[in-house]
Amino acid sequence: MNLRDLAPAHVRAIAPYVPGKPVAETARELGLAEKDILKLASNENPLGSSPKAIEAIRAALGDLAYYPDGSGFELKGAIASKFAVKPENIVLGNGSNDVLELVARAFLTRDESTVYAQHAFMVYSLATQAAGARHIEVPAKDYGHDLDAMARAIAPDTKIVFLANPNNPTGTFLPWADIEAFIARVPPRVLVVIDEAYGEYLPDERRSPAASWIGRFPNLVLSRTLSKAYGLAGLRVGFGLAHPDVAELMNRVRQPFNVNHLAMVAAAAALGDEAFIAKSRAVNAAGLVQLAAGFDRLALPYIPSSGNFVAVRVGDAAAAYARLLAEGVIVRPVANYGLPEYLRVTVGTPEQNARFLAALARALGRA
Ligand SMILES: *Cc1c(COP(=O)(O)O)cnc(C)c1O
């Protein structure tokens, strides 16, 4: 008997998600100390975590013998006041990946399809495949989502459209007015999920108004994370915002304690840490300029990014990745996103960006 045959075909067809290479593993393989490894591969915050979150975790360490509050009362209160929504609009997730999967688990059947863009975040395809559903991938326009083509691609069996704004790994941004017009033309039987994982990094004039649309579009689901700008990727916490009926259905398929106590406590504190977000935004904006200047000097094309990472075209990306890795610099190859000539690099501190650019010049023989 082949054990693999026990799993349904749609599960056997799933290509596992490939995360950024861990620092500890790289250090072991290279015989280097962990502190000498530079990981710019998973869009983590180079400043670390919100100090308010750390403080809240310390204060909560005495509570660990107890189950967390499965209703997430405190955290939902913090989210509700920040985004001007009601607690019944909120679904808490073990990271926002969890939120994306909950949408699929609650609404998607094997006989239905999802629509998302070429080069879009991998989890849309994973969530679709895990449900045994069909996906419709719409060719990108200038590396970003082609909203007209996506609206036309919606089939009679389509249940969910996934949009990422900004998108990962391309960093492309769509004007919110275009997204609003898109939602207005999508049939109400189709859920539109907007993944705003990098929303905090957007400049003021591009800030998302989408939370204020929830009352108007009952088929809208927003996804947010504490993993990126708030610096809490290791804790796993994110949330969805939606019409109360949609949120209630997602909550039915959620594990009762999917978000742990420390994660909830930290998230509630971090959401109030405006100073940390302001600093993170400033460091990121300066880093994007620094990286762009470095790529220009090396005559490397890159996709202008609205996130905390940039996709840069280096040609033989697998070779460049390997040479960077040999120097202890971890970035992300994105061939699995249909971008075989690109590497995605997370924006670091000025020193980290400089080290990466110098290593990249050597890796490409242009030092
Ligand atoms: C990083 C990322 C996420 C989610 O990360 P979580 O850690 O699960 O919250 C979601 N969407 C995009 C586009 C991302 O890049």
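Colleague: Where is Val91 found?

Modeller: Before I answer, please note that this is a predicted model, in which local features need pLDDT of at least 70, side-chain atom pairs count only at pLDDT 80 or more, and totals for chains, interfaces and linings use all residues. Residues are numbered from 1 along each chain as its sequence is written, and side-chain values use heavy atoms, with hydrogens and water left out. Helices (H or I, at least four residues) and strands (E, at least two) are DSSP runs numbered from the N terminus, and in that numbering Val91 is found in strand 2.

Colleague: Is Val91 buried or exposed?

Modeller: Buried means under 20% relative accessible area, exposed means over 50%, and partly exposed lies in between, with a 1.4 Å probe and protein chains only. Leaving aside neighbours within four places in sequence, Val91 is in contact (heavy atoms within 4.5 Å) with residues including Val99, Leu102, Phe239 and Met250. The relative accessible area of Val91 is 1%, and therefore Val91 is buried.

Colleague: What separates the C-alpha atoms of Val91 and Ile277?

Modeller: Along the chain, Val91 and Ile277 are 186 residues apart. In the model, the separation of their C-alpha atoms is 23 Å.

Colleague: Are the residues of strand 7 buried or exposed?

Modeller: On one side of strand 7 lie Leu220, Leu222 and Arg224, on the other Val221, Ser223 and Thr225, and both faces are covered. Strand 7 (residues 220–225) is largely enclosed by the rest of the structure, because six of its six residues are buried.

Colleague: Which residue of strand 8 is the bridge partner of Arg224?

Modeller: Strands of a sheet pair through backbone hydrogen bonds, either parallel or antiparallel. Two strands count as paired if DSSP finds at least two bridges between them; strand 6 (residues 191–195) and strand 7 run parallel and are joined by four bridges, with Asp195 partnered by Ser223. Strand 7 and strand 8 (residues 238–242) run antiparallel and are joined by five bridges, and here the partner of Arg224 is Phe239.

Colleague: How is helix 5 oriented to helix 6?

Modeller: Two packed helices are described by the angle between their axes and the distance between the axes. Axes are lines fitted to C-alpha atoms, for helices over the stretch in contact, with angles running from 0 to 180 degrees between N-to-C directions; those of helix 5 (residues 96–107) and helix 6 (residues 123–130) come within 9 Å and cross at roughly 40°. Angles under 35 degrees count as roughly parallel, over 145 as roughly antiparallel, 65 to 115 as roughly perpendicular and the rest as oblique, and therefore helix 5 is, relative to helix 6, oblique.

Colleague: How is helix 11 oriented to helix 13?

Modeller: Helix 11 (274–297) and helix 13 (residues 350–363) pack with their axes 10 Å apart, at an angle of about 15°. By the cut-offs already given, helix 11 is therefore, relative to helix 13, roughly parallel.

Colleague: In which loop is Pro169?

Modeller: The peptide bond that joins Asn168 and Pro169 is cis, with omega about 15°, and another cis bond, from Asn165 to Pro166, has omega near -5°. Pro166 is in the loop between strand 5 (158–164) and helix 8 (176–185). The place of Pro169 is the loop between strand 5 and helix 8.

Colleague: Is Ala299 buried or exposed?

Modeller: Ala299 lies in the loop between helix 11 and strand 9, and its phi is near 55°, a positive value in a residue other than glycine. Its relative accessible area is 63%, and so Ala299 counts as exposed.
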